[in-house]
Amino acid sequence: MGLIAWEGLGVPIYTYGLVVFAAVLVGAACAWVSVRLRKERTAPLLDLLVYGLPVALVFARAGFVLHNFAQYANHLAEIFFVWHGGLSFYGGMLGFFLTVLGYSLVHGVSAWHWLDLLVPAFVLAIVVYELGIFGMQLTMGTPLPADVPNDHTLMEYIEYRYRPMGFENMLYFQPIALYQAGLQFAAFLVVTLLAIIDAHRGRRWPSGCLFIFGLGLVAAIRFGCGFFYLNSHPETLLPLGRLLSGGAVLVALFLFILRWRSRPRFFY
C-alpha cells in the first residue's frame with residue numbers, strides 16, 4: 001500500500017488521510033448506534049461532530065508538528081501545509097475529547113455521560129486506524145530471525161523501501177499494528193458489553209467510569225505492545241509513546257478510583 005493513494009488536480013491524496021477518514025466514519029456510525037440504543041437525542045451528537053471534527057483536525061496537526069518540530073523549525077510556514085501530510089490520530093482524539101468537555105460546559109450537560117456513550121466509538125475507531133497502519137507498514141515490531149521460513153504464520157513482510165537502516169536484510173517483523181488491532185477489538189467488545197449491561201440494569205456505574213475504564217484499557221494495550229516495537233532509539237529507557245500510554249494508564253486508574261469512591265453523588 002503506497003503512501004499516496006492518487007493525485008487529483010496536482011494535489012496528492014495520502015493513504016494515511018484515507019485511513020483516518022475511514023476511522024472517523026466508522027467511529028461516527030458506532031457513536032450514532034450507541035446514542036440510539038441508549039435512547040438519547042442525536043442532535044447533541046451531530047453538534048459534537050460539527051464542532052469536534054475541525055477541532056480534532058487542528059489538534060491532529062499540532063500533535064504531529066510538536067512531535068516532529070525539528071523538521072519545521074527552519075520552515076515554520078510549512079506547519080500550515082496540511083496537504084503535505086502529517087496528522088496525529090491520537091492528537092485528534094484529544095481535540096475531540098476537549099470539544100465534548102467544552103460543549104458540555106456551554107450546554108449544561110454531563111460530559112462524563114456523553115463520554116460514556118462515545119467510548120465504544122473511540123475504541124472501534126482505533127481498531128480501524130491500527131488496521132490501516134498495518135496495511136501501510138508504517139510501524140514495525142521487532143525483527144524475526146532471517147531464517148524464519150514463509151510458512152504463512154502470523155508475521156509481517158516489510159517491503160525493502162520501508163525497512164529502517166541496519167535492518168535491510170530482515171524480511172519479517174512482528175506485525176505489531178495487527179496485534180494491537182486485535183487486542184483493541186477485544187477491548188471494544190468488552191466496553192460495548194459493559195455499556196449494554198449498564199444500560200439494561202439502569203446505570204450501576206457512576207457516570208464517566210465506563211469511559212475511564214475504556215481509556216485505561218486502550219492505553220494499557222498500547223503500553224504493553226510498545227515493548228514489541230522496533231525502537232529507533234535503543235538508548236531511551238521509555239520512548240515517548242510508551243511513556244504517554246503508561247502515564248494514561250496511571251491517570252485512568254486514579255480517576256476511576258476517584259469516581260467510584262464518590263459514586264453516591266454522581267449517579268444520573
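Biologist: In this predicted model, how do helix H2 (residues 43-67) and helix H3 (residues 89-107) cross?

Modeller: Their axes come within 7 Å and cross at roughly 135 degrees.

Biologist: Why is H2 called oblique to H3?

Modeller: Angles over 145 degrees count as roughly antiparallel and 65 to 115 as roughly perpendicular, with the rest oblique. The crossing is at roughly 135 degrees, so H2 is oblique to H3. The crossing is also right-handed.

Biologist: Which residues make the contact between H2 and H3?

Modeller: On H2 they include Pro44, Leu48, Tyr51 and Phe59, and on H3 they include Gly91, Leu94, Phe96 and Tyr103. By class, the contact has 14 nonpolar, five polar and one charged residues.

Biologist: How do you know that the span of H3 agrees with its number of residues?

Modeller: At 1.5 Å a residue, its 19 residues should span 27 Å. The end C-alpha atoms of H3 are 27 Å apart, which agrees.

Biologist: What covers the buried residues of H3?

Modeller: The buried residues, under 20% relative accessible area, include Phe89, Met93, Phe97 and Ser104. Among the elements covering the buried residues of H3 are helix H1 (15-37), H2, helix H4 (111-136) and helix H6 (209-225).

Biologist: What makes helix H5 (residues 176-200) and H6 roughly antiparallel?

Modeller: Their axes come within 10 Å and cross at roughly 165 degrees. The cut-off is over 145 degrees, and H5 and H6 are therefore roughly antiparallel to each other. The contact includes Leu183 and Val191 of H5 and Phe213 and Arg222 of H6. By class, that contact has 13 nonpolar, three polar and one charged residues.

Technical notes: Residues numbered from 1 in each chain as written. Predicted model: local features only at pLDDT ≥ 70, side-chain atom pairs only at ≥ 80, totals over all residues. Heavy atoms only, no water. Axes fitted to C-alpha atoms, helices over the stretch in contact; angles between N-to-C directions. Helix = DSSP H or I, 4+ residues; strand = E, 2+ residues; numbered from the N terminus. Parallel < 35°, antiparallel > 145°, perpendicular 65-115°, else oblique. Left-handed = near helix turned anticlockwise from the far one by under 90°. Contact = heavy atoms within 4.5 Å. Nonpolar A, V, L, I, M, F, W, Y, C, P; charged D, E, K, R; others polar. Expected span 1.5 Å × (residues − 1). Buried < 20%, exposed > 50% of the residue type's maximum accessible area, 1.4 Å probe, protein only.
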